[in-house]
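Subject: Structure handover

Hello,

Please find the structure below. My notes on what was found in it follow.

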Amino acid sequence: MKFSVIFEAQLADPTVEREHQVIRDCVEQAVLAERMGFDRIWAVEHHSLKWYAHMSAPEIFLSWVAAKTSTIRIGHGVVCMPFNFNHPVRVAERAAMLDLLSGGRLDLGAGRGGTEQETSLCGVDRDRTAAEVEEALRIIGSAWQEEELEYRGELIDIDPHPILPRPRQTPHPPLFLACSRGETLVQAAELGIGALVMGFAGPESIARMRSVYDAAIAGRDGGRFVSTVVNDHFSVLCPTIVLDDREEARRIGTRGQRFFAQSIGHWYGGAGVPDEAVVAGADEAAEMRRAAEQVVARLHELDIPVRPAGAATFNADHAYGTADDAIAYVERLREAGADEIMCLIQMGTVEQEACLETLRQWGERVIPHFRGV
């Protein structure tokens, strides 16, 4: 079992000063994660998604963290692979440089960045995003294993060129794909790359998703592999706040997740602006239910399909509470088939001290439980 932390750089009250502080806070959390025994950090890539994700240049963030650490793995979770976001060759060059300078600690995930807000910013054709992600992965897998890259594809042609530098890991850093549906899980398995899975729906949903992934692995013939190296790693998101005070942890965690759900609902479905106000003594479980009802109603009003993964972001049954509560929840995720627990701690309304204390509790009590320390 591996343990990691994922960073969105979420931000309530998004003033310039608060934005700068949140990025610095994420660096502090990442450095502490190494000291606490976490295996990896992941950083998302999103563009122009105010509130939800201010992490627009993860390659810079990850480089900064790599320079301040020595053992923790550094993960792109994910790079937006459509060509107008990032040309595949530039992804390969940047990733190889970071892998080299970090001493071979890089993991590279791919995703679509498919919101209208993002694609309109960079001139991305939304109808081509899935195809461009797969073609980019093929180009990157080839770029790192050939003396010169030459590629002739359905969407792009590249004349022979050496791609420099080469990564430290041989033949290249492990590859992953962001997966929120059965189709993308099958795609990841058939491409021979790891799955980064949203885990909001809970362990039962994770078990079903693992079954889909395993079935696709068992049935593949290797014809779609993007590399000579296969990675069948299954990583699962786990929202968590852990404190000595169980109720306070649940209150803070549920409030943070409500902000997460509202802000993602805003950009993925036009469901209104996230509620930034923190009301002392509020019944956060009731507020979560009310926010879910409002988002679903708004999506119906706009005639936007309500996807199960989207509605699941309001499910508050996660690793909120004491360390013992987190251990019990991780046990359920392990039984469901998780190879890695990706802790989502930095949510928009969660204060830095609660984030740091959660990392300490995981490092001192939760992770050792699963490592027999």
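Helices (H or I, at least four residues) and strands (E, at least two) are DSSP runs, numbered from the N terminus. By that rule, helix α12 is followed by G372, whose phi is positive, near 70 degrees.

This is a predicted model, in which local features need pLDDT of at least 70, side-chain atom pairs count only at pLDDT 80 or more, and totals for chains, interfaces and linings use all residues. Residues are numbered from 1 along each chain as its sequence is written, and side-chain values use heavy atoms, with hydrogens and water left out.

Overall

The chain holds 12 helices and 11 strands. Of its 373 residues, 56% count as buried; buried means under 20% relative accessible area, exposed over 50%, and partly exposed in between (1.4 Å probe, protein chains only). Contact means heavy atoms within 4.5 Å. Among contacts between residues at least 6 apart in sequence, 75% join residues at least 24 apart.

Strand β1

Two strands pair if DSSP finds at least two bridges between them. β1 runs parallel to strand β11 (residues 340-344), with 5 bridges joining them, and S4 stands opposite M342 in β11. β1 also pairs with strand β2 (residues 40-43) in the parallel sense, over 4 bridges; here S4 stands opposite R40. From β1 the chain crosses through helix α1 (residues 16-35) to β2, and this β-α-β crossover is right-handed (with the strands pointing away from the viewer, the path from the first strand over the helix to the second runs clockwise).

Helix α12

Helix α12 (residues 352-371) has 20 residues and reaches 27 Å from its first C-alpha to its last, close to the 28 Å expected. The expected span is 1.5 Å times one less than the number of residues. A kink of about 45 degrees is centred on W362 in α12, where the bend at a residue is the angle between axes fitted to the seven residues ending there and the seven starting there.

Aromatic pairs

Rings of Phe, Tyr and Trp (its six-membered ring) pair if their centres lie within 6.5 Å; planes under 30 degrees apart count as stacked, over 60 as edge-to-face and the rest as tilted. The structure holds 10 aromatic pairs. One of them is the tilted pair of F3 and F370, at 5.9 Å centre to centre with 50 degrees between the planes. F3 is in strand β1 and F370 in helix α12, 367 residues apart, and the pair links these distant parts of the chain. Both F3 and F370 are buried. Another pair is Y52 and F260: the ring centres are 5.3 Å apart and the planes are at 75 degrees, so the pair is edge-to-face. Y52 lies in the loop between β2 and α2 (58-68) and F260 in helix α8 (residues 246-269), so the pair ties together parts that are 208 residues apart in sequence. Y52 and F260 are buried. Ring pairs also link F3, F38, W362 and F370 into a cluster.

Two loop residues

H54 is found in the loop between β2 and α2. Is H54 buried or exposed? H54 counts as buried because its relative accessibility is 16%. Leaving aside neighbours within four places in sequence, H54 is in contact with residues including E8, P14 and L49.

R181 is found in the loop between β7 (175-179) and α6 (182-191). R181 counts as partly exposed because its relative accessibility is 27%.

Regards
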